[in-house]
Every structure is written in structure tokens, then in C-alpha cells.
Amino acid sequence: NKGAALTDSWKGIYSADSKATLVLLIDIKKDSKKTLPVLLDQLAPLHKKGLLTHFDGTSTIQRPITIVASGETDHDAILDIKNRHVFFDAPLEKLKKDHDPKAEGSYYASASYKKTFLGLSLPMAGSHVFEEDNVRKIQKQVENAHSLGLKVRYWDMPGLPEGKDVWDLLWDKKVDVFNTDDLKAAEKYLRG
């Protein structure tokens with residue numbers, strides 16, 4: 001049956017973890033009210049086949065593909081989707097621990113690393129001493145997001161190898177997603 005939904009025995013694309021979802025982060029740049037309906041229309045065939053993670057009104061049902069709308073996405077428009085299969089990218093810096101309306105319908109809580117820690121200088125790799133206020137800020141952001149069931153994502157990250165100390169700190173503080181354009185450097189970092 002071509003339109004049959006997946007059962008709970010679905011498998012994702014990752015051989016190391018067949019239940020891991022592929023997250024597609026879609027950055028809506030402007031006019032979410034016009035863009036979101038087009039996105040939903042384009043996603044309809046995947047949704048119909050049961051391939052998209054969705055919220056059924058009570059809980060989130062994990063599937064091989066998870067769609068997260070970022071950028072200028074209208075939060076209320078995401079919440080209005082019945083059997084929601086697009087999730088929101090909540091503003092990390094504005095989240096409050098344990099309860100926050102922006103967390104509803106969200107998958108990630110994200111922030112620009114550079115904007116969050118403007119003025120945090122990055123001298124040569126291995127020689128950086130982090131200000132305690134910045135370390136506490138990272139820890140608080142991670143704790144707040146995780147208490148709401150959200151994954152923490154920083155974008156606008158410093159490059160590697162010069163930003164290795166920053167990456168090490170964020171890894172140690174349990175940040176879930178590091179956005180980077182340099183995939184080869186990220187792979188080298190992750191492989192140690």
C-alpha cells in the first residue's frame with residue numbers, strides 16, 4: 001500500500017543508530033505566513049507516508065525525518081497545524097526553566113554563538129580562559145532547554161581549529177547541536 005503509514009518498527013538512515021531521526025532545519029527568511037503553507041504542501045507526500053516526526057495532540061511520535069522551521073517562522077502558525085509535523089526552533093536566550101510557552105511545538109532551542117557571547121575573544125587554540133559568567137550562562141541555557149525537553153543548538157560557531165576550546169566547552173556542557181559550514185573540520189573534531 002503506497003500511502004501506508006510506518007509502524008513503530010521504522011528505521012532511519014543511520015546504520016549506527018537505526019532509530020535516530022534525520023533533522024531537516026529549514027530557515028525561513030521572510031514572510032512565514034506565505035512560506036509555511038508552501039512548505040506544508042511540499043511535505044504532504046512525506047507526511048502521508050508516515051515518514052515525518054509529528055505531534056498527535058498528546059505526544060511526539062518519532063519518525064525517520066524531523067522538520068524544524070527556523071528563522072522568521074511564526075510560532076503560532078506552527079502550533080495551529082493539526083497533527084503537527086513541523087516543529088519550531090525556540091529562542092534559546094529567552095527560555096525559562098520548566099515552563100515556557102515558546103517551548104511548545106519546539107524541537108530545538110537555538111542561539112547565535114557570536115551574538116550570545118559577543119566580546120568573548122578567542123586567542124590561539126588551547127590558550128583560552130573562559131570567563132565564569134559565560135560558562136554559567138551556557139550551563140543555564142542548556143539546563144533550561146533540557147528541562148523543557150528541547151535540544152540545544154548554537155549556530156554562528158567559531159571555526160576550527162582556532163575555536164576548538166569553545167567546541168570543547170560546549171561539548172562538556174552537553175550542547176546537542178553545533179552548526180558549522182566546515183563539515184570536514186567538524187568530522188575531524190568528532191573523531192578526536
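Rings of Phe, Tyr and Trp (for Trp, its six-membered ring) are said to pair if their centres lie within 6.5 Å, and a pair counts as stacked when the planes are under 30 degrees apart, as edge-to-face when they are over 60 degrees apart, and as tilted for the rest. With that in mind, select Trp167, Trp171, Phe178 and Tyr189, which form one aromatic cluster.

Before going further, note that this is a predicted model, in which local features need pLDDT of at least 70 and side-chain atom pairs count only at pLDDT 80 or more, while totals for chains, interfaces and linings use all residues. Residues are numbered from 1 along each chain as its sequence is written, and side-chain values use heavy atoms, with hydrogens and water left out.

**The aromatic cluster**

The structure holds six aromatic pairs. Keep tryptophan 167 and phenylalanine 178 selected: their ring centres are 5.1 Å apart and their planes stand at 50 degrees, so this pair is tilted. The pair links distant parts of the chain, since tryptophan 167 belongs to helix α5 (residues 164-172) and phenylalanine 178 to strand β8 (residues 177-178), eleven residues apart. Here helices (H or I, at least four residues) and strands (E, at least two residues) are DSSP runs, numbered from the N terminus.

Buried means under 20% relative accessible area, exposed means over 50%, and partly exposed lies in between (1.4 Å probe, protein chains only).

**The whole chain and its sheet**

Now zoom out and colour the model by secondary structure. The protein has six helices and eight strands, and from the N terminus on these elements run β-α-β-β-β-α-β-β-α-α-β-α-β-α. Of the 192 residues of the protein, 40% count as buried.

Next, select the strands of the sheet, where six strands form an open sheet in the order β1-β4-β5-β6-β7-β8, with parallel pairing. Its edge strands are β1 (22-28) and β8, each of which pairs on one side only. Two strands pair if DSSP finds at least two bridges between them, and β5 and β6 pair in the parallel sense over four bridges.

Which residue of β6 stands opposite aspartate 89? Select tyrosine 108, which is the residue in β6 that stands opposite aspartate 89.

**Salt bridges**

A search of the whole structure finds ten salt bridges. Another of them joins aspartate 27 to lysine 29, with the closest N and O atoms 2.8 Å apart. Aspartate 27 counts as partly exposed at 40% relative accessibility, whereas lysine 29 counts as exposed at 62%.

**Helix α4**

Move on to aspartate 133 and arginine 136, whose side chains meet in a salt bridge (2.5 Å, N to O). Both lie in helix α4 (residues 132-147), three residues apart, which is about one turn of the helix. Aspartate 133 is exposed, at 53% relative accessibility, and arginine 136 is partly exposed, with a relative accessible area of 48%.

Now select the buried residues of α4, among them Val135, Ile138 and Val142. The buried residues of this helix pack against β6 (106-112), α3 (113-116), β7 and α5. After α4 comes glycine 149, whose phi is positive, near 80 degrees.

**A last stop at valine 175**

Finally, select valine 175, which is found in the loop between α5 and β8. Valine 175 is buried, with a relative accessible area of 6%. Which residues does valine 175 touch, not counting residues up to four places away in sequence? They are Val142, Val152, Tyr154 and Leu170, where contact means heavy atoms within 4.5 Å. To finish, draw a distance from valine 175 to glutamine 139, which is 36 residues away along the chain, and you will find their C-alpha atoms separated by 9.1 Å.

Methods
A salt bridge is a side-chain nitrogen of Lys or Arg within 4 Å of a carboxyl oxygen of Asp or Glu.
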